[in-house]
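Here is a short briefing to read alongside your protein. Keep the viewer open and follow the topics one at a time.

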Amino acid sequence: MNSLDISILFGILALLIILSALFSSSETSMMALNRYRLKHQVKSGHKGAKLAQKLLETPDRLLGVILLGNNFVNIFASSIATIIAMKLIGEAGIAIAAGLLTMVVLVFAEVAPKTLAALYPEKIAYPAAYVLTPLLKLLSPIVWLVNFFANGFLRIFRINLKNADDAHALSHEELQTLIFEGTSQLPEQYRSMLSSVLELENVTVEDVMIPKQDMYAVDVDQPIEHILKAIQKSPYTRVPIYRGSLDEDLIGILNLRRALPVLMRAEVTLKDIIKMIRPAYFVPETTSLNVQLAKFNSHKRRMALIVDEYGDLQGLLTMEDLLEEIVGKLSTDSKTKQVEDTIALHDDGSMTIDASEFIRDLNKGYKLNLPTDGPKTLNGLIQEVLEELPSPGTCIKIDHYVLEVMETSTNAIETVKLSVHSPLKSNKADHD
């Protein structure tokens, strides 16, 4: 080396710094690759992505060959710089060469290429995979020896190298973050729908059902004229039919679309209506929505009656109610108008709400954060906190919400005024 011309030595040094930059950038780009985008490109047939995925299956071997090459060229560059310094300055130039080389390597072979690789990992990692794959085969004995000692050292600290893929598995909360932070190109409406799909497993049919007292059902234990009139007034296409008591004698479900030809006849008898009734489909109240969605499809049903652990009827769930949890309130739904009619917004930011409203609907529709792990309605929530039926004017504070009871009936709260960050009149209850 000492016999080589100084210009050749500078050329070799420049080449070594370039090689060091390539190794450094390939290391960062490989580690910075988005694993899910990589899998998509592999399925699309991208050859560079296939090679990169193959290399990432054994990260210890990949890092081994990269660091082996990087350290080799850096040490070789240090030797060349020392020779150049000796030729130009003498022994005093060794320290100067070390300082200058450190700065050059740090800027041009480490920070700059690694920053570029972090910003554009695919553009660097995929071409680098074509070089690293044969290089790994060529240096595999040395890489194996290095990894043997390195992995043995890690095992001393009980690090399981076989669970590397588990590090890329996302939890439920991380998936939610990915939807809102990693899919910025999607409209907010679609991101909200994806988030709602993930939440289906945490929501039960009891949370979104129509309560029994709000169900529209027809009693056939009355004159046929009244029965037909009640059926004609139905806002729904499927109506529960019962005799005397909805709890004790539920006959089944009448599909008005299928029954329309019969109902259009000049003379319709109760027997004709009974023939068109389909047996009811019952579902436990603890069933999650994602399970129920699959059951609706497998049973070819669009309506289910919800029962508790004792078999008592609790409410009704339709496919439309379930889909609303994903896409939001449907504008053509008559229930949407009913909800709007039961909520009044005021200029001071407060709102007057029908106490029978579902807490989950309020949270989703008005960006509230009322607790949903207990009672389903405002009426139930307030009575659970107070452990009694309050009188009008009673106020309670739940988190940072103030709920004031406006009207009550014999056994329930009728209307509530909700405000945010308002002074609390009474911590628990204030009976006037």
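In strand 13, V416 is the bridge partner of I353. Strand 10 (residues 351-354) and strand 13 (residues 413-420) run antiparallel and are joined by four bridges. Strands here are DSSP runs of E with at least two residues, helices are DSSP runs of H or I with at least four residues, and both are numbered from the N terminus. This is a predicted model, in which local features need pLDDT of at least 70 and side-chain atom pairs count only at pLDDT 80 or more, while totals for chains, interfaces and linings use all residues. Residues are numbered from 1 along each chain as its sequence is written, and side-chain values use heavy atoms, with hydrogens and water left out.

**The sheet and the helix across it**

- Five strands make up an open sheet with antiparallel pairing, in the order 9-10-13-12-11; two strands count as paired if DSSP finds at least two bridges between them.
- From one strand to the next, the twist averages 25 degrees.
- Helix 18 (residues 378-386) lies across strand 10, strand 11, strand 12 (401-408) and strand 13, and runs at about 95 degrees to strand 11. Such angles run from 0 to 180 degrees between N-to-C directions, with axes fitted as lines to C-alpha atoms, for helices over the stretch in contact.

**Salt bridges**

- The structure holds eight salt bridges, each being a side-chain nitrogen of Lys or Arg within 4 Å of a carboxyl oxygen of Asp or Glu.
- One of them joins the side chains of E27 and K114 (4.0 Å, N to O). This pair links distant parts of the chain, with E27 in helix 1 (residues 6-32) and K114 in helix 5, 87 residues apart.
- E27 counts as buried at 18% relative accessibility, whereas K114 is partly exposed at 27%. Buried means under 20% relative accessible area, exposed over 50%, and partly exposed in between (1.4 Å probe, protein chains only).
- E27 and K114 also belong to a network of salt bridges that includes E110.
- K376 and D207 meet through their side chains in another salt bridge (2.5 Å, N to O). K376 lies in the loop between helix 17 (359-366) and helix 18, and D207 in helix 10 (residues 205-208), so the pair ties together parts 169 residues apart in sequence.
- K376 is partly exposed, at 23% relative accessibility, while D207 is buried, at 10%.
- E325 forms a salt bridge with R360, and their closest N and O atoms are 2.9 Å apart. E325 sits in helix 15 (residues 319-327) and R360 in helix 17, 35 residues apart; both residues are buried.

**A buried glutamine**

- Q292 is in helix 14 (residues 289-299) and counts as buried, at 0% relative accessibility.
- Beyond its neighbours within four places in sequence, Q292 is in contact (heavy atoms within 4.5 Å) with V205, Y281, V283, T287, A304, L317 and L322.

**A nonpolar surface patch**

- F10, L88, I89, I96 and L100 form a nonpolar patch on the surface, together having about 520 Å² of accessible area.
- Residues of a patch have over 30% relative accessible area and no salt bridge; like charges are joined within 9 Å, and nonpolar side chains (Val, Leu, Ile, Met, Phe, Trp, Tyr) within 5 Å.
- I96, one of the patch residues, is found in helix 5 (residues 93-119) and is partly exposed at 46% relative accessibility.

Definitions and conventions:
Areas by Shrake-Rupley, 256 points an atom, 1.4 Å probe, with all protein chains shown as cover.
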